[in-house]
Amino acid sequence: MECSVSEKTGRAIQAAIDEAAQAGGGRVRLEPGVFLSGTLYLRSNVELNIPAGSRIQGYDTPEAYDDFTDPGFDAVAPEKSRKCLIACANAENVSITGAGEINGAGPAFYDRNVPEGAFFAKPPHPRPRMVQFYNCRNVLFSGVSFIDSPGWTFWLIACEDVNITRVRVAGCQQMINNDGIDLDGCRRVTVSDSFFRTGDDCIILRAIRKRPDVPVVCEEVLVTQCALDSRCQGIRIGCPSDDTIRNCSFSHLTFRGTGIGIHCESPLRYLGKNCQGYLKVSDIRFSDIDIASGSHPIRIFCEGGIRLRELSRFSFSNIVFKGKKPLWLEGTADSPIDGVRFDNVSGVIEADVPLVARHVRDLKLDRFDVTAATGPAVPLKRAESSSWEAKR
């Protein structure tokens, strides 16, 4: 079935979604205008179509949003919030399409009384995420703009066969924790032909363990033909207490931002309680990427004392970059980085060190052309010497 929603309320949108689901599926199309809404629940076999001229406008108070709960989902909620605007759990054949907008009213959730250009201060109350899907199959997001999410824009958990294409994710860059897409334990995901501008990370691969006895794997993710702009990281892979992230590819991307271009970091500050480290990352490929970074263009790092299961087989090919800090590869004696290849990688580092590599096994450089362009000038200071050279 297909139905149009003219009443400008989230309640009317939800009623149409429920009606379509009860009929076995269908398309819910919004008419032009602004639809003020709290939490909306999508259902199996339902397409929510938001055409140009239509906007779902989230409320600017946390009380207007429901907590996302499910018997199979019991992870610690990031930022102590389970609230979200668009929710979906245990569903299949779900889509959000169109050329319209979903707006989360993000800045209204922060304390904006900060120095000019500084990050807004986090409030004590929970900030909702914009889109949160759990255990869903055959999911499509196409064409829609996702603007100013107060928290993570997308958190997709244990989802499979996901296609995200031609979307625009844009958030005020003074907001922290407004990640673009967090893919958490997802399989067979494609992100393509899209734009991301965020204060926090643009695209993140995670494998957050809900319980120690339940494996979590994030794999077969393809990100291609996208533009990334972030104050933090363009691409982030894993945290030290995550499970397994493997066999993922990033290609034909641009990154512009003050933060790090490509980042796989395991610091002590992100280590889970009663955990020495668990992350396993392997077979991650980056190709045909243009990076202009105000920090490290590429950084893979594990802090001392953490013991990861594996950091292996990272390949970088056809990469051009500019950065203010070195390319940085640093494992530890307990968690070495094993197998890094740079092939046709070139760029300029605005510092005196172009590359740092510690505890790295099997590092291959092929057509590697990197220049350290600048460094502090050191004035000449003569010293007394007995050398005959100094007497000339």
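Which residues line the second largest cavity?

## Overall form

This is a predicted model. The protein chain contains one helix and 30 strands. Its radius of gyration is 23 Å, close to the 21 Å that the globule rule gives for 392 residues, so the chain is as compact as a globular protein of that length. Taken along the principal axes, the box filled by the C-alpha atoms is roughly 95 × 45 × 40 Å.

Of the 392 residues, 54% count as buried. When contacts between residues at least 6 apart in sequence are considered, 74% of them join residues at least 24 apart.

## The eleven-stranded sheet

Eleven strands form an open sheet with parallel pairing. Their order is S4-S7-S10-S13-S16-S19-S21-S23-S25-S27-S29. The edges are taken by strand S4 (40-41) and strand S29 (355-358); each has a single partner strand, so one side of each is left without a neighbour in the sheet. In general, the strands of a sheet pair through backbone hydrogen bonds, either parallel or antiparallel.

Strand S27, residues 327-330, runs parallel to S29 and is joined to it by four bridges. Within this pair, Leu327 stands opposite Leu355 of S29.

## The largest cavity

The structure holds two cavities of 30 Å³ or more. The largest cavity contains about 40 Å³ of space. Its lining consists of Leu228, Gly234, Ile235, Leu253, Thr254, Phe255, Gly261, Ile262, Ile289 and Ile291. These residues divide into seven nonpolar, three polar and no charged.

Four strands each supply at least two residues of this lining: S21 (233-237), S22 (244-257), S23 (260-266) and S24 (280-293). The largest share, three residues, comes from S22. Two of the contributing strands, S21 and S23, also stand next to each other in the order of the open sheet.

## The second largest cavity

The second largest cavity has a volume of about 30 Å³. In answer to the opening question, Pro78, Glu79, Ser81, Arg127, Arg129, Gly151, Trp152 and Asn177 line this cavity.

The lining of the second largest cavity divides into two nonpolar, three polar and three charged residues. The lining of the largest cavity, by contrast, has no charged residues.

Notes. Residues are numbered from 1 along each chain as its sequence is written. This is a predicted model: local features need pLDDT of at least 70, side-chain atom pairs count only at pLDDT 80 or more; totals for chains, interfaces and linings use all residues. Side-chain values use heavy atoms; hydrogens and water are left out. On a 1 Å grid over the protein atoms alone, a cavity is a set of points where a 1.4 Å probe fits but cannot get out, and a pocket is an open set with protein on both sides within 12 Å along at least five of seven lines; lining residues have an atom within 4 Å of a point. Grid points are joined across faces, edges and corners, and a volume is the space filled by probe spheres set on the points. Ala, Val, Leu, Ile, Met, Phe, Trp, Tyr, Cys and Pro count as nonpolar, Asp, Glu, Lys and Arg as charged, and the others, Gly among them, as polar. Two strands pair if DSSP finds at least two bridges between them. The radius of gyration is taken over C-alpha atoms; the globule rule is 2.2 Å times the number of residues to the power 0.38. Buried means under 20% relative accessible area, exposed over 50%, partly exposed in between (1.4 Å probe, protein chains only). Contact means heavy atoms within 4.5 Å.
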